[in-house]
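Please look at the structure first.

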Amino acid sequence: MDVTPTAVPRTARHKTTSPVRLGDRIFLALSRGSGILLLVIMAAIAAFLAVRASHALSANQGNFFTTFEWDPNTDHPVFGIAVLAFGTVVSSLIAMAIAVPVAIGIALFISHYASRRLASPLGYLIDLLAAVPSIVYGLWGALFLVPHLTGLYTWLDTYFGWTGVLSYQGGAARSLFTISILLAIMILPIITSVSREVFLQAPKMHEEAALALGATRWEVIRMSVLPFGRSGVISASMLGLGRALGETMAVATVLSPSFDIGKSLLDPGGGTFAQNIASSFKEAGVIGVGKDALIASGLVLFVLTLLVNGAARLIIARRKEYSGASA
């Protein structure tokens, strides 16, 4: 039987491979170069910190991780980061515990409860708070927040002083707890802004379907909005935590530094990595290994920040499939 060959379209007779344009090649090279440059810069920073820190650690007469002293500007330097690590981690975690729930509530109010007339100026105000310099927060904390926290400290001592962690012995409120409140105020705009944008991207079809089934506004948020925005909220929280860990001028302005870990969070004193670097850099380097010791503490903060961001990426990757982002 005769089989008549079908006509092959002209477009199928030739390969459709089109040459890569020059502009695409340039853009690819620039993008790849930017990524490689970022890795080189990070590696250069890590190498610089590691080399300078090794000089200080080799001359240190104490244990770098457990010593409650910072005296590197002598012929026999002794310094450790126990107080700095405790102050940095504790103040940042308390700040997160205060800021994250408030930020999520503000973001939900702006995105799902407030009217358009109120949501726009309120969102603009939150974004504006993120642009305030840290030294302004520090001056506000030292001149306004510290004098007005005495009443709160007395109340905490009255009802929770039996725990020992919140006992108050009087004096100026220049403690880790005050720093935590100040850091919470500073990171609040960052977490709120990112969370608000994530909540606004929640699928409207999911929300309308829940409302059609008789769900209340809170049930819609709980079943639709929060699962969708979980990974975004985690990312926003890690951004805020990164700023809290590395905040310098505000902490140095408010905190009364001392190399001692008090029994109560309300006791004056303590310190953080960034605050100690800013406060001690001026007199470092006359004798001893002062600057190198500060760089060694900066290396610890650098590693701590990388670990926090790495942990955040792992959490987001594990929860992504449950967040509703693929819907």
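Where is the place of E247? E247 sits in the loop between α10 and α11 (249-254).

## Basis of the model

This is a predicted model, in which local features need pLDDT of at least 70, side-chain atom pairs count only at pLDDT 80 or more, and totals for chains, interfaces and linings use all residues. Residues are numbered from 1 along each chain as its sequence is written, and side-chain values use heavy atoms, with hydrogens and water left out.

Helices are DSSP runs of H or I with at least four residues, numbered from the N terminus.

E247 counts as buried, because its relative accessibility is 7%. Buried means under 20% relative accessible area, computed with a 1.4 Å probe on protein chains only.

The side chains of E247 and S134 are joined by a polar contact of 3.4 Å. Such a contact is a pair of N or O atoms within 3.5 Å; within protein, one must be able to donate a hydrogen and the other to accept it, and residues adjacent in sequence count only if both atoms are side-chain atoms. Not counting residues up to four places away in sequence, E247 touches S134, L183, M186 and A274. Contact means heavy atoms within 4.5 Å.

Two packed helices are described by the angle between their axes and the distance between the axes. Axes are lines fitted to C-alpha atoms, for helices over the stretch in contact, and angles run from 0 to 180 degrees between N-to-C directions.

Helix α5 (residues 134-148) packs on helix α7 (residues 176-200) at about 135°, with the axes 11 Å apart. The two are therefore oblique to each other. Oblique covers the angles left over when under 35 degrees is roughly parallel, over 145 roughly antiparallel and 65 to 115 roughly perpendicular. From α5, the contact uses S134, Y137, W140, G141, L145 and V146; from α7, T178, I181, L182, I185 and M186.

## α3 against α10

The axes of helix α3 (residues 82-113) and helix α10 (residues 230-246) come within 9 Å and cross at roughly 140°. That makes α3 oblique to α10. In α3, T88, S92, M96, V100 and I104 meet V233, S237, G240, L241, A244 and L245 in α10.

## N276 in α12

N276 belongs to helix α12 (residues 273-280). N276 counts as buried, at 3% relative accessibility. Leaving aside neighbours within four places in sequence, N276 is in contact with W70, L84, F259 and L294.

Key: Buried < 20%, exposed > 50% of the residue type's maximum accessible area, 1.4 Å probe, protein only.
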